[in-house]
Amino acid sequence: MTVKEIAQNRKARHEYELYDRYEAGLELKGTEIKSLRLGKVQLKDSYVSFSNGEAFIKGMHISPYEFGNRFNHDETRDRKLLLHKREILKLEQAQKVKGYTVVPVRIYLSKGLAKLEIALAQGKNLHDKRESEKAKDAKREIQKAMKNQY
């Protein structure tokens, strides 16, 4: 299976504690896929919302295709996510009842199709962010010491 990663949402990993992950297809128009293949996409401030039993990603920025002339798309339009009905219901319930947020984690091409990895997330407090930074630093130091030892 060929997977080409296009973009990651590092801010989501820093700001949120990520739980269940789902793979969703994207409903794109014309030149959007061409821009996406060139890596001109930003997930930084995007999130998933639900309406009428459908999931939409809001705030995802796909730059206009350079050679698209009048057929270019709106950069931050809402794009429909392609998920199974039961997945949409599960995510929507988690968002309403449990207070989770649904955030995009990464976008990639799988077998030529654009896929979006989304996750149920819960916001971290400042002390949680500090703890995760300390753990990451400690792990890095251990790896460095192990490398120097051999």
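Here is a short chat about reading a few features of this predicted model.

Q: What should I know about the numbering and the model before I start?
A: Residues count from 1 along each chain as its sequence is written. This is a predicted model, where local features need pLDDT of at least 70, side-chain atom pairs count only at pLDDT 80 or more, and totals for chains, interfaces and linings use all residues, while side-chain values use heavy atoms, with hydrogens and water left out.

Q: How far apart are the end C-alpha atoms of helix H3?
A: First, the labels: helices (H or I, at least four residues) and strands (E, at least two) are DSSP runs, numbered from the N terminus. The expected span of a helix is 1.5 Å times one less than its number of residues. For the 13 residues of H3 (residues 85-97) that gives 18 Å, and the end C-alpha atoms are 18 Å apart, which agrees.

Q: Which residues of H3 are buried?
A: Buried means under 20% relative accessible area, exposed means over 50%, and partly exposed is in between (1.4 Å probe, protein chains only). In H3 the buried ones are Glu 87, Ile 88, Leu 91, Glu 92 and Ala 94. Seen down the axis of H3, they fall within an arc of 160° (taken from the directions from the helix axis to the C-beta atoms), so they line one face of the helix. The face turned away from that side carries the exposed Lys 85, Arg 86, Lys 96 and Val 97.

Q: What do the buried residues of H3 pack against?
A: Look for contacts, meaning heavy atoms within 4.5 Å. The partners are strands E2 (16-26), E4 (47-51), E5 (54-58), E8 (101-110) and E9 (113-123).

Q: How many aromatic pairs are there?
A: Rings of Phe, Tyr and Trp (its six-membered ring) pair if their centres lie within 6.5 Å; planes under 30 degrees apart count as stacked, over 60 as edge-to-face and the rest as tilted. Here the count is 2 aromatic pairs. Tyr 19 and Tyr 100 are edge-to-face, 5.6 Å centre to centre with 70° between the planes. That pair links distant parts of the chain, with Tyr 19 in strand E2 and Tyr 100 in the loop between H3 and E8, 81 residues apart. Tyr 65 and Phe 67 have ring centres 5.8 Å apart and planes at 75°, so they are edge-to-face.

Q: Is Tyr 65 buried or exposed?
A: Tyr 65 is buried, at 19% relative accessible area, whereas Phe 67 is exposed, at 63%.
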